[in-house]
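Please look at the model shown below and keep it in view while reading this report. The sections take up the contact between the chains, the strands and some local details in turn.

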Amino acid sequence: MKHVKTISGANLAKSVNKGGCGECQTSCQSACKTSCTVANQKCEQKKD
Amino acid sequence: MIHKFKNLGQYIVLDVASGAVHSLDEKAYALLDCYDGNGVFLPENAAELGLVGAEYDEAKEELQSLIDEKLLFTKDIYAEIAKRWDKQSVVKALCLHIAHDCNLRCKYCFADGGEYMGKRELMSAEVGKKAIDFVIEQSGNRKNIEIDYFGGEPLMNFDVVKEITEYAKEQGRLRGKNFRFTITTNGVLLDEDKQAYINENMSNVVLSLDGRKEVHDAVRVRVDGSGSYDRVTPKFQKLAESRNQNNYYVRGTFTRDNLDFAEDVKHLMELGFEQISVEPVVAPETEDYSIRREDLPAIFAEYDRLAQILTNTRKSGKFVNFFHFMIDLEQGPCAYKRLSGCGSGHEYLAVTPSGDLYPCHQFVGKPEFKMGTVFEGKLDENIRKRFMNSNIYTKEACSTCWNRFYCSGGCAANAFNMNGDIDKPYEIACEMQKKRTECAIAMAAALSE
């Protein structure tokens, strides 16, 4: 495409099908302790 | 719902419900204003804005193909999922208040100088071990369990930290659980032995350092009022190197006294740190150093400046990770995690030195939030359900916000402290969080070029 570059696809919508295992890190344990930042957490099923 | 914004020279559109992110040229970006909320193109709007001609027709076709592929103007499917969701959450993380005491007197401390509105107290190994038994019992089939040693200052009670850690490892082996430990420290008591134990056992360590010496020393003072920068900084540098610049954070706090906090991040980079978090103070407006609404334009400009600095750094081949700009657009948290947020009060609990349980470290000292004790082995169901049932759709302000899948409804403690209700997010924090999400996405786009 000439006018559009897709940086990432419909990954949130796709995660509905496979998500919810609950094994991921609790967000407040990582660094913040005074805010809530969830989107920067890793999925435990992430393939490195 | 879409969210469009310009940052780092990028024209970005985020499709909120699908999570898709697109970088556009100026023509396609302008044309987005000619669609209604459902993705229907309104030619009269385009004509009115003068967006006509072959190039615009071409851009319109490209946007239409994104709509057809469900990558733009998609519908929210999660509100229904949240309503039907029979959440069976288990406790999977504990914040152990290993010491309600501190050897610093940081002026912005939310923990009341380590005492949490109570008395100076150290956790015993007995209480810590009971907490480990408690979380194993409560964690159901979940394998990974997190323990964070927090305070006050945990290094003031490090023998107990070690005893609890060894006990948890042993129990984990016996009962099929994988414990991950983290520790937060101000560094005053850090020495080689403690560093060795931390490196051997802790998957993450959070090192409190605010940035420039004058900024750090104005706030992070010892009991006698003198600054702590010179004492802790070399130890933190050594610890970061000993962990190969991985699995740690230097963690600073900025206040309205250093709204030029990008300079503090730069300073931390110059000290050689590669894992950096510098975060806004959370405090009521009655405090001189608190962030006010009128500070937001300066803070937004500073986040933009920081995003540019970090992008340039990355492009020059050097890696620096800034915690609040981290984003994994490909394999980040699933929708369920994003609906429910941090898990405080049902998945994540805080344990005081005497073994009392609270929804999180920030609720400690508020009697109405006491959920039980590690000795009883059960939780106040009313409080647990109140937190478990809270999600982005129980928060009116979040249900229509474009950023809802990135902050997941914000911090329950901040909401309660500022607005008296865990479902009423703290607006100033929301505004800063939105700006950080924009910066993070723009950096991802700029670095993908």
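## A sheet across two chains

Which strand of chain B is joined to S1(A), and how many bridges join them? In this predicted model, the partner of S1(A) is strand S3 of chain B, residues 21-24, and the two strands, which run antiparallel, are joined by 4 bridges. Within this part of the structure, A:Lys5 stands opposite B:Ser23 in S3(B).

As a general point, the strands of a sheet pair through backbone hydrogen bonds, and the pairing may be parallel or antiparallel.

Taken together, the strands make an open sheet of 4 strands in the order S1(A)-S3(B)-S2(B)-S1(B), with antiparallel pairing. Its edge strands are S1 of chain A and strand S1 (2-7) of chain B, since each of them pairs on one side only. Neighbouring strands of this sheet are turned against each other by 25 degrees on average, when direction is ignored.

## The contact between the chains

The contact between the chains takes 41 residues from chain A and 77 residues from chain B. The area buried between chain A and chain B is about 5,000 Å², and carbon and sulfur atoms give 52% of that area.

Across the interface of chain A and chain B there are 29 residue pairs in polar contact, both residues of a pair being at pLDDT 80 or more. On the side of chain A that touches chain B, the elements that give two or more residues are strand S1 (4-8) and helix H1 (11-18) of chain A. Sorted by class, this side of chain A has 15 nonpolar, 19 polar and 7 charged residues.

## Salt bridges

A search of the whole structure finds 33 salt bridges over all chains, and across the interface of chain A and chain B the rule finds 2. In a salt bridge between the chains, B:Glu55 is paired with A:Lys2, and their closest N and O atoms are 2.9 Å apart.

Another salt bridge is found inside chain B, where B:Glu166 is paired with B:Lys169 and the closest N and O atoms are 3.3 Å apart. Both of these residues lie in helix H6 of chain B, residues 158-175, and they are 3 residues apart, which is about one turn of the helix.

## Two details of the backbone

Most residues other than glycine have a negative phi, and most peptide bonds are trans. Against that background, B:Leu8 has a positive phi of about 50 degrees although it is not a glycine. B:Leu8 lies in the loop between S1 and S2 of chain B.

The peptide bond from B:Gly151 to B:Gly152 is cis, with omega near 10 degrees. B:Gly152 is found in the loop between strand S6 (144-151) and H6 of chain B.

Note on methods
Residues are numbered from 1 along each chain as its sequence is written. Chains are lettered from A and ligands numbered from 1 in the order in which they are written. This is a predicted model: local features need pLDDT of at least 70, side-chain atom pairs count only at pLDDT 80 or more; totals for chains, interfaces and linings use all residues. Side-chain values use heavy atoms; hydrogens and water are left out. Contact means heavy atoms within 4.5 Å. Buried area is the accessible area (1.4 Å probe) that two parts lose on being put together, summed over both. A salt bridge is a side-chain nitrogen of Lys or Arg within 4 Å of a carboxyl oxygen of Asp or Glu. A polar contact is a pair of N or O atoms within 3.5 Å; within protein, one must be able to donate a hydrogen and the other to accept it, and residues adjacent in sequence count only if both atoms are side-chain atoms. Ala, Val, Leu, Ile, Met, Phe, Trp, Tyr, Cys and Pro count as nonpolar, Asp, Glu, Lys and Arg as charged, and the others, Gly among them, as polar. Two strands pair if DSSP finds at least two bridges between them. Axes are lines fitted to C-alpha atoms, for helices over the stretch in contact, and angles run from 0 to 180 degrees between N-to-C directions.
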